[in-house]
Amino acid sequence: MRYIGNKTRLVPFILDVVGDVQPDAGVACDPFAGTASVSRALKDRGWTVRSGDLLAFSYALQVAHVELDRTPRFPAPLVEDAEERGAGRWLSYTRLLAYLNGLPPRHGFISENYSPAGRAGARHGRMYFTPGNAGAIDAAREQIAAWSEGERLDPARSQFLIATLVEAADRVANTTGVYASFVKSWQPNARRQLELRPLKPTSRRNGGRPSTAYLGEAEELVASVGTVDLLYLDPPYNERQYPAYYHVPEVIAAGWSTPPKLRGKTGLIPDDALRSDWCRRARCEASLRALIDRADAKHILLSYNDEGLLAAEVIAAVFREAGDEDSYRRADVKYRRYRSDGDGPSRTYLRDRVQEQLHYIRRT
Ligand SMILES: C[S@@+](CC[C@H](N)C(=O)[O-])C[C@H]1O[C@@H](n2cnc3c(N)ncnc32)[C@H](O)[C@@H]1O
């Protein structure tokens, strides 16, 4: 999924540094997991991972890629007549996706609010999804909710399907990458039909304990996981609050059994509980100190960049105070800036490249 701060392309760099400080895989905690790119890579290298994030769609992606070790199969009775039609007691993931892809569209929360098919959507001119795709998202999401509420689908399988839907919806979203705005004419990707495509969980390679996903505050996760070998921190580094940029996938993941009260032209969700102190200049240093204070980790790595709210010198000072001063190191890599759109009359990027930093300290 396209995501601000997604570290997929930086994974080799991060793994190199991890390999230097601790060659043998152990237990890692990634409390700002986002798309789970780093958690997945660590798990693939044999680490046991404790991932987390404040956002529901991140949690779904974490379950899909971190918590699950293999593609699950699904109880055949989910789909009417499946057993009679020779499916046996279990349905494969691909057959279930074919079923979800074939559902007739419904007019649900997404159609009503994020496409021109709905009254609220039309009133605000919202064009996040074509009416056809909005109806297909509604049909799939409401079906998953009905299965889960009837306890016919366990929570992990439910999250796995939600993650599959979030990824599918993102491919046909009429945006330039973030949901802070929508494009005023249908783009080619938005005109394509929604298609749920299989995701692939990362296999467990640690020969032992399962990895886990968490929905909630980084500080809570760090305080609850106990001793870990590696704490990998990738917090937001500027004032952009993630829920304002990804409110649509958040609605799709959280569902609308209690419909959120939307506001503004883009249909923002109530996000008081999701706003992050890491995006507030006056609070981010205290957040870093508090998090490190709570952590019981041998190694701490922090991804940040040179345009962030915290100056590199401040991070270095906090790290040195928190661990073995002489072990402090910073590795930098030039990285192509995340651009949700190109230069235009309203926006000119002054620099095309930013410097990604990886700060390291060993705890004493
Ligand atoms: C830079 S992104 C992480 C990107 C991730 N490493 C990836 O590769 O996709 C920061 C993430 O931190 C999450 N976040 C912000 N404040 C948080 C908090 N206080 N506790 C937990 N997660 C938080 C955001 O929702 C966002 O997903």
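Domain bounds here come from an automatic or database domain assignment. On this basis the chain is divided into domain 1 (1-70 + 208-241 + 278-364) and domain 2 (71-200 + 242-275), and the C-alpha centres of domain 1 and domain 2 lie 28 Å apart. The model is predicted: local features need pLDDT of at least 70, side-chain atom pairs count only at pLDDT 80 or more, and totals for chains, interfaces and linings use all residues. Residues are numbered from 1 along each chain as its sequence is written.

Contact between two residues requires that their C-beta atoms, placed from the backbone, lie within 7 Å. By this criterion, 20 residues of domain 1 are in contact with 27 residues of domain 2. The side of domain 1 that touches domain 2 has 13 nonpolar, two polar and five charged residues. Nonpolar covers Ala, Val, Leu, Ile, Met, Phe, Trp, Tyr, Cys and Pro; Asp, Glu, Lys and Arg count as charged, and the others, Gly among them, as polar.

A nonpolar core is a set of buried Ala, Val, Leu, Ile, Met, Phe, Trp, Tyr and Cys residues joined through C-beta atoms within 7 Å; buried means that 20 or more other C-beta atoms lie within 10 Å of a residue's own. The largest such core has 95 residues, and those with the most contacts inside it are Ala60, Ile137, Leu165, Leu231 and Ile252. Domain 1 and domain 2 both give residues to this core, so it lies between them. Leaving aside residues up to four places away in sequence, Ala60 touches Gln159, Ile162, Ala163, Val166 and Ala253.

Notes
A residue is buried if 20 or more other C-beta atoms lie within 10 Å of its own, exposed if 12 or fewer, and partly exposed in between; C-beta atoms are placed from the backbone.
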